[in-house]
Amino acid sequence: MPIAVQPLQQGLALFHATPPDYRRAAGWFRAAAETGDHDGVAMLGLCQLEGLGLPADPVQARALLERAAANGSAIGHFQLGRVLMTGRGGPTDEDRGLQAYVAAAALGHAEACFNLASCLFAGVGCLPDRLAAKALYLRSRTLGCALRPQGVRVQRRELKAVRALSVRFADPHRLVYLLNERQQELALVHAATQARPRREPPPRRWRQAGQLAAGVVVAVAGTLGQYLRPPSRDAGPTTLDF
């Protein structure tokens, strides 16, 4: 009985071979795309983006990645996030780029988890959330990402929260919800602290806002507490060895 040929798998094998054969891989990805394989569309877009096995065409590549992402491809979401963040083939859009990384991470894409963590750590397209970033770095490593962040350390007081968040982020629905919820909470805390006048006693309404913000922090078990107090000395490398 003949074995059915899977164009995407054939292409991926050639793409990741040593040495890679990008020209033949691109041909298989095109064949996969023609059968309606959305990951095949995404890989064909990647080849066009980077000029691997066929002429580089960032504009056409971006259109292919948009198409793949719209049809639920994790590869498509991840590569679309890259082009949106860097402005290849069209305008830069950090907000959409971040959302593309979130969508890919929710689908279990290891490198998307890493890039999403880097955005959260630096505040690219979002408010900085270093605790969530560290949890996502850990999650990316669990998924098999070989990349390692430079200069990132988990403080001892963060260990429990980082581990707990990493486990929660494994649920795709909770990942999206938790990231959105934390961004809303951070925005509230940021607004309350920025609106308070300097060198003057805070008006009653801002004291109330501060109390509300503190209540929000308590409600999430102190996971945002690092943003309301001076950071403690970094404990250095821990059992979570990034």
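Helices here are DSSP runs of at least four residues, numbered from the N terminus. One more thing before we set off: this is a predicted model.

**Stop one: helix 5**

Select residues 74-86. That's helix 5, with 13 residues. From its first C-alpha to its last, helix 5 reaches 19 Å, close to the 18 Å expected at 1.5 Å a residue.

Now look at the start of helix 5 and show the side chain of Ser73. A side-chain oxygen of Ser73 comes to within 3.3 Å of the backbone nitrogen of Ile75. Then hop past the other end: Gly87 follows helix 5, and the phi of Gly87 is positive, near 75°.

Is helix 5 largely enclosed by the rest of the structure or largely open? Eleven of its 13 residues are buried, so helix 5 is largely enclosed. To see some of them, colour Ile75, Phe78, Leu80, Val83, Leu84 and Met85, which are among the buried residues of helix 5. The buried ones also include His77 and Gln79.

What covers them? The cover includes helix 3 (38-50), helix 4 (58-70), helix 6 (94-106) and helix 7 (110-122).

**Stop two: helix 3 and helix 4**

Keep two of those covering helices, helix 3 and helix 4, and hide the rest. Their axes come within 8 Å and cross at roughly 160°. Helix 3 and helix 4 are therefore roughly antiparallel, since angles over 145 degrees count that way. The crossing of helix 3 past helix 4 is left-handed.

Show side chains where the two meet. On the helix 3 side, pick out Val41, Leu44 and Leu49, among others. Facing them from helix 4 are residues including Pro58, Leu64, Leu65 and Arg67.

**Stop three: helix 8 and helix 10**

Next, select residues 130-142 for helix 8 and 172-194 for helix 10. How far apart are the axes of this pair? They are 11 Å apart, and the two helices pack at an angle of about 160°. Helix 8 and helix 10 are therefore roughly antiparallel to each other, and their crossing is left-handed. Contact is made by Leu131, Ala132 and Leu136 of helix 8 with Leu175, Leu179 and Arg182 of helix 10.

**Last stop: Lys134**

Stay in helix 8 and click on Lys134. Is Lys134 buried or exposed? Its relative accessible area is 6%, so Lys134 is buried.

Methods: Residues are numbered from 1 along each chain as its sequence is written. This is a predicted model: local features need pLDDT of at least 70, side-chain atom pairs count only at pLDDT 80 or more; totals for chains, interfaces and linings use all residues. Side-chain values use heavy atoms; hydrogens and water are left out. The expected span of a helix is 1.5 Å times one less than its number of residues. Buried means under 20% relative accessible area, exposed over 50%, partly exposed in between (1.4 Å probe, protein chains only). Contact means heavy atoms within 4.5 Å. A polar contact is a pair of N or O atoms within 3.5 Å; within protein, one must be able to donate a hydrogen and the other to accept it, and residues adjacent in sequence count only if both atoms are side-chain atoms. Axes are lines fitted to C-alpha atoms, for helices over the stretch in contact, and angles run from 0 to 180 degrees between N-to-C directions. Angles under 35 degrees count as roughly parallel, over 145 as roughly antiparallel, 65 to 115 as roughly perpendicular and the rest as oblique. A crossing is left-handed if the near helix is turned anticlockwise from the far one by less than a right angle, and right-handed if clockwise.
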